[in-house]
Amino acid sequence: MNDWSRAVSARQSSDASYETFTGNRGLQIEETLIFEQDSPGHCGVDLPEPAPFTSRLGGLERQGKIGLPGLSEPQVVRHFTRLSQKNYAIDAGLYPLGSCTMKHNPRLNEKLARLPGLADIHPSQPVSTVPGAFELIDTLAHWLKTLTGMPAIALSPAAGAHGELCGIMCIRAALEARGDRRVRVLVPESAHGTNPATAAACGYTVDPIPADATGRVDGAALEAKLGSDVAALMLTNPNTCGLFEREILDIAEAVHRVGAFFYCDGANFNAIVGRVRPADLAIDCMHLNLHKTFSTPHGGGGPGSGPVALSEALAPFAPLPWIVHGPEGLELVEHKTGAAEKSLGRLKGFHGQMGMFVRALAYMMSHGSDGLRQVAEDAVLNANYLRARLADDLSLSFPGPCMHEVLFDDRFLKDTGVTTLDFAKALIDDGYHPMTMYFPLIVHGALLIEPTETEGKASLDRFIAAVKALTAAARSGDTARFRAAPVHTPRRRLDETTAARKPLLRWRPEPTRRQAAE
Amino acid sequence: MRYLPLTASDRAEMLAAVAADSIDALFSDVPEAARLSGPVDLPRAMGEIEVERLMSRMAAKNVAAGSVPFFIGGGVYRHHIPAAVDHLIQRGEFLTSYTPYQPEISQGTLQYLFEFQTQVALLTGMEVANASLYDGATACAEAVMMANRVTGRRRAVLSGGLHPHYREVCETYARFVGFEVSAEEPPGGEDPACVVDRGTSCVVVQYPDFFGEVRDYSELARICHDAGALLVVVVTEILSLGAVRPPGEMGADIFAAEGQSLGNALNFGGPHVGLFATRDRLVRQMPGRLVGQTVDAAGRRGWVLTLSTREQHIRRERATSNICTNSGLCALAFTIHLALLGEAGLTRLARLNHAAAVSLAGRLEQIPGISLLNRAFFNEFAVRLPRPAAKVVEVLVGKGVLAGVPVSRFYPKNDAVGDLLLVAATEMTTTEDMDRLEAGLREVLS
């Protein structure tokens with residue numbers, strides 16, 4: 001059991017659980033919306049009024065109020081500070097969200113991304129005034145190409161799903177260039193939802209591939225589905241069960257035999273970075289999430305960055321812009337001319353997520369080739385440690401060593417009246433962000449745990465103790481506790497059904513008494 | 001390695017606990033041929049001092065916008081970011097959290113996104129906004145695809161005044177997603193009656209447009225609606241909405257924009273923040289994440305991600321979009337900056353920008369050989385020069401002035417726009433900056 005918060009002296013008084021006058025509970029401060037704090041006339045910036053001038057807006061001046069509230073700087077700082085205190089974060093503790101790779105976000109990266117020579121430069125500045133920017137982008141590309149073993153990298157995609165779109169577009173462009181119209185994309189049932197959504201967005205029919213008893217792609221089912229109308233297989237490796245697809249070379253060969261391309265979802269690259277090069281797995285295309293493996297902050301859901309590593313066959317179709325090595329150094333290619341004639345065009349404005357490139361490169365340089373290899377090893381060791389220590393308490397979905405994440409299902413909760421959701425919510429009361437729940441879809445009530453290399457052994461041991469205690473509580477029939485959880489949070493469980501049925505998606509002012517009477 | 005807490009003895013102990021004789025045993029599922037025996041050919045680990053030195057060296061080779069008279073816009077604008085914005089977004093609770101899937105411990109993110117959605121709706125005069133998309137260009141493409149879904153049609157008309165990157169992104173999506181776009185020639189201002197027909201899903205216009213022109217699209221909205229098409233209004237300078245009539249008032253059905261100008265640095269073009277808003281009746285066809293208000297088990301107000309049944313993690317191949325990550329932290333910067341500005345600050349900031357551009361345009365118009373393209377503009381306008389704009393810009397780089405964006409950078413094959421220069425002025429532009437640009441242009445063109 002946990003004992004680090006046990007009382008160190010005799011209790012002075014009994015627990016008091018009473019309603020406070022304010023609704024606040026000590027450090028948990030209730031905070032209204034900025035719109036409800038409006039004090040007209042207040043402003044959080046001091047700007048001069050311009051000297052008189054004649055408007056040239058062509059008669060399109062805005063009439064009437066916008067409705068934005070006025071607040072002073074201290075009010076704004078306090079508001080957002082209080083909001084921040086209602087969030088769990090990797091800075092605060094273990095964030096074992098499977099397939100999301102919630103690792104430490106180094107502050108050096110933040111510092112460097114704010115250097116004026118990197119943050120205060122405009123994407124349309126004359127090329128001659130930003131050679132350092134192109135050097136940085138080219139250096140990042142070199143690191144990513146070396147780590148993946150792939151010959152080309154497209155840097156402009158804005159996130160993982162955008163990278164997937166880029167990869168499938170490159171594949172379709174390559175097929176069309178050889179006059180080959182194909183209609184199906186094969187996607188394992190354990191894949192992230194973005195995979196089928198991406199293939200469908202690019203006009204393909206999605207054909208699911210079941211998993212075998214070991215949690216990996218069912219080779220026979222795959223063979224049966226392959227044919228000359230298949231454009232690609234989209235495979236996540238390691239897959240979302242946290243398992244390496246052992247037969248990957250055979251799978252690649254089968255895919256290539258029918259003339260299809262092999263797309264690898266690189267969401268789980270953290271498990272193999274520095275130890276396995278995707279090129280050696282015979283893949284044609286793989287996106288990398290810089291906000292997962294390469295530590296750029298998740299920021300509450302973005303911004304991300306999703307570069308795509310491409311084979312020689314796919315490279316000519318990569319989106320613009322490109323940076324190429326020319327006779328006089330680095331050259332920027334922004335238009336579909338010359339060698340870039342086959343490019344699929346633009347996927348995003350300007351040059352991609354430069355701010356994320358800076359952070360990812362700082363992260364890679366800090367680790368170096370040796371440190372990145374250690375990252376994969378520690379991430380895999382941590383996940384296996386959890387697997388071994390929790391195997392008797394939770395129900396392991398598939399036997400044998402896992403990679404960077406470990407998958408359990410809800411058999412251990414059978415007949416307890418406690419669901420995966422209840423279990424996860426109870427974990428919140430113990431101070432942890434839950435694992436990924438109910439994903440992948442191929443096991444019942446999934447609990448997918450990814451500790452990452454960021455956790456030390458002591459941290460893992462505390463987490464293991466908490467999970468064991470919860471498991472014991474569930475088995476002892478303490479269902480009421482689980483159904484009520486979480487109770488120690490800024491909010492208890494929220495009514496998502498009503499939110500969806502009667503969507504209230506913005507604040508509106510309360511009608512005044514007079515308006516209400518009308 | 002400073003980021004890795006496991007010690008050698010921890011590792012040994014843990015390997016024993018998992019009954020593996022070495023770390024290699026845990027990688028035994030990897031085909032032998034694909035296992036690397038040692039580190040790849042890249043530099044070894046470096047301390048903070050070395051990394052900082054190397055990166056600073058690269059940064060120092062660039063001309064930072066703040067170090068010179070600076071007039072570049074064209075879809076990304078240099079504005080002042082109050083110190084509190086960058087401080088607050090670096091709070092670890094915002095910076096290092098993920099998508100708010102667990103609402104009980106994500107109310108901070110959810111509440112600011114609800115505030116963001118409200119701010120965007122107010123600013124645009126639209127009814128409902130989402131929690132952000134990647135950037136303006138991808139938001140524009142998503143708007144077209146949404147219009148196709150709503151109307152059941154497959155042809156979008158793009159104004160010649162639309163940012164060329166936005167047009168190109170739409171063309172890329174069109175080719176692979178399977179719809180048509182017909183892009184008008186720059187510089188826009190086409191006759192709306194001629195471009196809309198019964199097969200048109202939407203007309204996409206920019207406001208102010210790529211050349212800085214501010215146009216009234218009310219008549220276009222009426223024509224679109226009569227033909228059963230939607231009007232998509234794109235904004236690349238969101239600050240303009242502090243001064244001009246909002247698109248919602250003109251009859252826009254979908255609003256797609258770049259929100260960088262509020263709270264976000266130039267960042268060489270990214271990350272920025274895509275804004276997206278529409279009418280209540282179309283909300284279920286909208287892409288991207290949405291935050292909605294609800295109550296918790298104790299009856300208290302709270303927020304959750306909602307209408308997720310549109311999204312890929314639930315609908316998979318039947319989702320409205322494949323988007324997962326949005327631009328959360330950039331949206332937070334936007335929200336904090338706009339909260340600081342408020343009604344009074346935003347409108348004053350917009351007036352400062354317009355005043356600066358009016359002053360600069362007045363000066364440049366006086367230079368022999370230069371003519372102003374615009375009838376009306378906000379903080380950016382286009383001037384026609386008596387020689388290729390790209391060459392003039394290069395000469396001015398030599399004089400330490402970043403004069404603007406030559407339109408030929410975006411349209412290299414279009415001779416009709418080769419002598420056009422886009423010039424932007426903001427609250428950051430000083431009288432001395434304008435003196436330098438004016439003197440430089442007079443000298444180059446004499």
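What percentage of the residues in chain B is buried? In this predicted model, in which local features need pLDDT of at least 70, side-chain atom pairs count only at pLDDT 80 or more, and totals for chains, interfaces and linings use all residues, buried residues make up 62% of the 446 residues in chain B, a residue being buried if 20 or more other C-beta atoms, placed from the backbone, lie within 10 Å of its own. Residues are numbered from 1 along each chain as its sequence is written, and chains are lettered from A in the order in which they are written.

The secondary structure of chain B comprises 15 helices and 13 strands, taken as DSSP runs (H or I, at least four residues, for helices; E, at least two, for strands) that are numbered from the N terminus. The C-alpha trace of chain B spans about 80 × 55 × 50 Å along its principal axes. Of the contacts in chain B between residues at least 6 apart in sequence, 72% join residues at least 24 apart, where contact denotes two C-beta atoms, placed from the backbone, within 7 Å.

Between the chains, 168 residues of chain B are in contact with 167 residues of chain A. Helix H13 (residues 328-365) of chain B gives the most to the side of chain B that touches chain A, namely 22 residues. That side of chain B holds 95 nonpolar, 43 polar and 30 charged residues, with Ala, Val, Leu, Ile, Met, Phe, Trp, Tyr, Cys and Pro counted as nonpolar, Asp, Glu, Lys and Arg as charged, and the others, Gly among them, as polar.

When residues up to four places away in sequence are not counted, A:Cys285 touches, among others, A:Cys170, A:Phe261, A:Tyr263 and A:Leu310.

Chain A is divided into domain 1 (108-363) and domain 2 (369-493), with bounds from an automatic or database domain assignment. The centres of these two domains, taken over C-alpha atoms, are separated by 30 Å, and 18 residues of domain 1 of chain A are in contact with 21 residues of domain 2 of chain A.

Helix H10 (residues 420-429) of chain A is mostly covered, seven of its ten residues being buried. These buried residues pack against strand S12 (436-437), helix H11 (457-475) and helix H12 (479-484) of chain A.

Technical notes. A residue is buried if 20 or more other C-beta atoms lie within 10 Å of its own, exposed if 12 or fewer, and partly exposed in between; C-beta atoms are placed from the backbone.
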